[in-house]
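This report is meant for a reader who is meeting the structure for the first time. Please keep the sequence and the model in view while reading.

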Amino acid sequence: MKILYLDCFSGISGDMTLGALVDAGADRHYIEEELRKIQIEPFTLEWRRVNKRGISALKLDVVLDPHTPPAHHRHYSEIVEMIHRAGFNERVVKLSLAIFEKIGVAEAKIHNIPIERVHFHEVGAIDSIVDVIGVALAIDSLEIEKILSSAVPLGSGTVHCDHGIYPVPAPATLEMMRGLPIAPTSYSLEMTTPTGAGIVSGLVDEFAKGLPPMIVESIGYGAGTRDLPNQPNVLRVVVGQADPYLNKWQVHHEEFSHEHVHGHHQPEHHHHGHSHEHEHGHHHHGHSHEHEHGHHHHGPSHEQEHGHHHHERSHEHEHGHEKHAHDDHAHEEDHPHVHHKHDNDGPNHTCIRQ
């Protein structure tokens, strides 16, 4: 399974996500060609390689046509119709609408109006629409099957928007992150935008405290606009294959018997109340033991059933052509049972991957 991990240590925004996905290998040409299908004011995408406190990252800017002023705002219903009308494939439509639906539902709750009447200001701008659909196209390009994310720092302080001075995180951003893990930050600024929160709440399947078990294939860094004083303002994405053995590796120990052949002289053992059968050749070679092992159950309650019966064994040695019975040891005192450690080379475990 191909997975995507969003490492949001400096927050997340739409342009950071799209830049990081392209840096990780998403087909830029495919994304640009598909974005031209949107019935919207003219725009171009500008890609730059920048350095954010020592990390090389891809910066995306949506450049508008100076001769065509953009619409001031768009309603949620207009954006939904725009996506359906563009002719994207089914998955791109689904991913794009999932993000915008989260944003629309949050805005509707904040303003206490039906979702159809929600009108987006910043999110309805061309660059935010391009970012959202571009992210959907990039995920489609990379053939991602599952998306995971770290906890998300939202920021603090205030931010200027069309409604005036708003607290950070913006009300819609915080609403979208309800029920999802957020992370603290010491920066008094917006670390996660409403578009970034829409991407996380709309697309992420699972959250993890660190990189999930995976085979890493590619890594991408998408740059934010600001420069942070003590850390790189980038979003890191990691693309790869999920660990195929995660929670699927089970060991089954089958019941079996095996023979050990010892090519050395065996010292004479005095077993009390035991019954082993040893067959020795003329020179005590060809010493053959037969052990029957039951199933080994490994788990929290480590139970091992061994077929070794350490008590009440009949011990018979056959030396050459004579038999010596060792049951005639007379002992006047009670001896505790002696548990003998059988030093095998390890049982033949049959491992089955499911």
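## The chain as a whole

A residue is called buried here when its relative accessible area is under 20%, exposed when that value is over 50%, and partly exposed in between. The model is a predicted one, and of the 354 residues in its chain, 42% count as buried. The accessible surface of the chain comes to about 19,900 Å², and carbon and sulfur atoms account for 49% of that surface.

The chain's secondary structure amounts to 7 helices and 21 strands. When the contacts between residues at least 6 apart in sequence are considered, 74% of them join residues that are at least 24 apart.

## Two helices that pack together

Two packed helices are described by the angle between their axes and the distance between the axes. Helix α3, which covers residues 76–86, packs with helix α4, which covers residues 90–111, at an angle of about 175°, and the two axes are 10 Å apart. Because angles over 145 degrees count as roughly antiparallel, α3 and α4 are described as roughly antiparallel to each other.

On the side of α3, the contact is made by Tyr76, Ile79, Val80, Ile83 and His84, while α4 contributes Val93, Ser96, Leu97, Phe100, Glu101 and Gly104. Sorted by class, the residues in this contact are 7 nonpolar, 3 polar and 1 charged.

## The nonpolar cores

The largest nonpolar core has 65 residues, and those with the most contacts inside it are Leu4, Leu21, Leu35, Phe88, Phe100 and Ile139. Helix α5 supplies the largest share of this core, with 11 residues. Apart from it lies another core, made of 6 residues that include Ile3, Tyr5, Leu148 and Ala208.

Leaving aside residues up to four places away in sequence, Leu35 touches Phe43, Leu45, Val130, Ile133, Gly134 and Leu137. Phe100, for its part, is also one of the α4 residues in the contact with α3.

Val132 is found in helix α5, which runs over residues 126–142, and because its relative accessibility is 0%, Val132 counts as buried. Beyond residues up to four places away in sequence, Val132 touches Ser96, Ile99, Phe100 and Thr195. Computed along the sequence, Val132 and Gly196 are 64 residues apart, whereas in space their C-alpha atoms are 9.0 Å apart.

Both Thr195 and Gly196 are among the buried residues of helix α7. Helix α7 spans residues 194–203 and is mostly covered, with 9 of its 10 residues buried. The buried residues of α7 are Pro194, Thr195, Gly196, Ala197, Gly198, Ile199, Val200, Ser201 and Leu203.

Asp15 is found in helix α1, which covers residues 14–23, and its relative accessibility of 16% is the reason why Asp15 counts as buried. With residues up to four places away in sequence left out, Asp15 touches Lys59, Leu60, Asp131, Ala223 and Thr225.

Ile147 lies in strand β6 and counts as buried because its relative accessibility is 6%. The C-alpha atoms of Ile147 and Val204 are separated by 5.0 Å, although these residues are 57 apart along the chain. Among the residues that Ile147 touches, beyond those up to four places away in sequence, are Leu4, Ile139, Leu203 and Val204; Leu4 and Ile139 have also been named for their contacts inside the largest core.

## Backbone details in the loops

A cis peptide bond, with omega of about 0°, joins Val168 and Pro169. Pro169 lies in the loop between β9, residues 164–167, and α6, residues 171–176.

Asn112 is placed in the loop between α4 and β5, and its phi is near 60°, a positive value in a residue other than glycine. Glu143 likewise has a phi near 60°, and is found in the loop between α5 and β6. Asn112 counts as exposed because its relative accessibility is 69%, and Glu143 counts as exposed because the value there is 56%.

Technical notes:
Residues numbered from 1 in each chain as written. Predicted model: local features only at pLDDT ≥ 70, side-chain atom pairs only at ≥ 80, totals over all residues. Heavy atoms only, no water. Buried < 20%, exposed > 50% of the residue type's maximum accessible area, 1.4 Å probe, protein only. Helix = DSSP H or I, 4+ residues; strand = E, 2+ residues; numbered from the N terminus. Contact = heavy atoms within 4.5 Å. Areas by Shrake-Rupley, 256 points an atom, 1.4 Å probe, with all protein chains shown as cover. Axes fitted to C-alpha atoms, helices over the stretch in contact; angles between N-to-C directions. Parallel < 35°, antiparallel > 145°, perpendicular 65-115°, else oblique. Nonpolar A, V, L, I, M, F, W, Y, C, P; charged D, E, K, R; others polar. Core = buried A, V, L, I, M, F, W, Y, C linked by side-chain atoms within 4.5 Å.
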